[in-house]
Amino acid sequence: MNPLADRRLLVACPLLGLLTGGLLWSLGGRAEIAFAMGTLPVLVLLVAEMIRSLRQGAFGLDLIAALAMAAGLAMGEPLAACIVALMYAGGQYLEDYAHRRAGAEMTALLARQPRTALRHDDGALTEIPIEEIAVGDVLLIRRGAVLPVDGVLASPMAMLDTAALTGEPMPVRVSEGEAMLSGCANAGDAFDLRATTDAAASTYAGIVRMVRAAADSRAPMARLADQWSVGFLLLTLAMAGGAWALTGEAQRALAVLVIATPCPLILAVPVALLAGLSRTAKLGVLVKSAAVLEAMARIRVLVLDKTGTITAGAPALVAMTGDDEALRLAASLDQASEHPIARALVAAARARGLPLSVPEEVSEVPGEGLTGLVEDRRVAVGGAHWVESLAGAPALPVGQGPEGAMRCAIAVDGAQVATLVFADQLRPDAVATIATLRAAGIRRIILASGDAGTPVRAAGAAIGADSSHARQSPADKVALITAARADGPVLMLGDGLNDAPALAAADVGVAVATKGAAAAEAADAVLLVDGLSRLAGTLAAARRARAIALQSVTIGIGLSSLGMVLAAFGYLTPVQGALIQEAIDVAVILNALRALTD
């Protein structure tokens, strides 16, 4: 057990000593005994902690606090020693509080992880540990329950609360067959979920692993603070020893030690960065470590995949000839198909509020289309040439669609009635997000895609990319990132398995979690919401957290150094120095917590 684990008890000892000593002093008693008794437990526990750290190969600046307490007791300044003890114990307690406050969003994610699930077994419901869930199991998700694994909706409709993962406050409507991520909560009536992963491979389990790793991580800035601490320790000992040697006044050396306790170095960086991690989690972006957050603050080049990243990654209806009745009949038939175009057609009909019927006698020709009966009418939906061959008449003309668009035709009772155009479109927030990123300091934006040249160039022009690169293999993207480092640290944003090497090669790789587990595993950060709008906020939060950490260190150490000089010249007593240092510590921690806010 960590001997400093119970911070409240640690604070109570010197606090009780000060109160008792003050009472004894007012009554003319031996107040110094109470001050010493309040100091000793903290000093003993501190020395024990230092010994444990040294055995683990760690060295810290707690030595200065230990020297200040020991010197205060030895030099007949038990009041100063007791204030230092309270300062140290209070600093430890404030650090714990700050970590709990800063990690609240991540802790909430961990606390929501379900332990059991209700599985349909031969007409009965069986409660099982989530570790026993297998791919293909059908689970009952009760109202308010958290989805234990990833899956697809096996009921007609469901309402999901995605706030814990994405920050979206409004429930999201999901239709039968649509994908659902673990970690979301059921915001409506109970529904059935067909598992597509086991518990260990689910999105939420991966998030939990990332959260735990992030909470335990240390950023390069934190390690740099440790290096600065050694220099600060040597400076403190030199100033304290020099003041004593030159003046012969041990009290000056004690005052230097008392005010030199470097809490700004010990506390400011980890608290600010952890607050930044919590802030990004609240935005719906899981950053895997404090080191990644710090790296995000320095990003100057952004490399983007196209499909599924700045575009929706799925076809959508962009143009059509014919009326809503033709669309309704075709969508009714296409409910029987899992083809992406069929899903897009059904989504378009539902978006228009068209009532769909149940198709009958459905026959699907792979790669061509479907035929079947809808309300006793013979309907065919598929490629224009295939439908033309069935109807014996050419497809209805439709205006020119975007490059790479796909066309399909609809025939009803042997007559062509509509032509539809489908294309992958830019996300609604893509252009605005890119503009925000440029305003935030991104110097160069590169679009890299495996798609053909024309659609890639069109997408690059739409978002204002500095350059666009088409037909990029995974190896090509890695080479592109390596070359782009000449302009500064590179962030890669991708979504699929083919992006995994580039995500790993970039200074910071960010994956869209809803698009692929392989990309999420290779990335340094994961967008838990399917969109770009949170990326700009995440980079802003990273820059703010790093700036606040540096600010806290600079101001805190600057004030402590000024106090050390004043103490060395005899302008501060040990008690005054202890009180001033306590105020500096509180101010530094509160300032670091500003990284939680916008």
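I took a nonpolar core to be a set of buried Ala, Val, Leu, Ile, Met, Phe, Trp, Tyr and Cys residues joined through side-chain atoms within 4.5 Å, with buried meaning under 20% relative accessible area (1.4 Å probe, protein chains only).

The model is predicted, so I kept to its limits: local features need pLDDT of at least 70, side-chain atom pairs count only at pLDDT 80 or more, and totals for chains, interfaces and linings use all residues. Residues are numbered from 1 along each chain as its sequence is written, and side-chain values use heavy atoms, without hydrogens and water.

Cores. I looked up the largest nonpolar core and found 88 residues, with Met296, Leu304 and Val510 having the most contacts inside it. Helix H20 (residues 533-568) gives the most to this core, twelve residues; helices here are DSSP runs of H or I, at least four residues, numbered from the N terminus. Apart from it I noted another core of 25 residues, including Ala330 and Val346.

Val510. Setting aside neighbours within four places in sequence, I listed its contacts (heavy atoms within 4.5 Å); among them are Met296, Leu491, Ala523 and Leu535.

H12 and H13. I read axes within 8 Å, crossing at roughly 130°, for H12 (residues 324-334) and H13 (residues 340-351); axes are lines fitted to C-alpha atoms over the stretch in contact, and angles run from 0 to 180 degrees between N-to-C directions. That makes H12 oblique to H13, where oblique is whatever is left after under 35 degrees (roughly parallel), over 145 (roughly antiparallel) and 65 to 115 (roughly perpendicular). On the H12 side I found Leu327, Ala330, Ala331 and Asp334, meeting Ala342, Leu345, Val346 and Ala349 of H13.

How values were computed. Helix = DSSP H or I, 4+ residues; strand = E, 2+ residues; numbered from the N terminus. Buried < 20%, exposed > 50% of the residue type's maximum accessible area, 1.4 Å probe, protein only.
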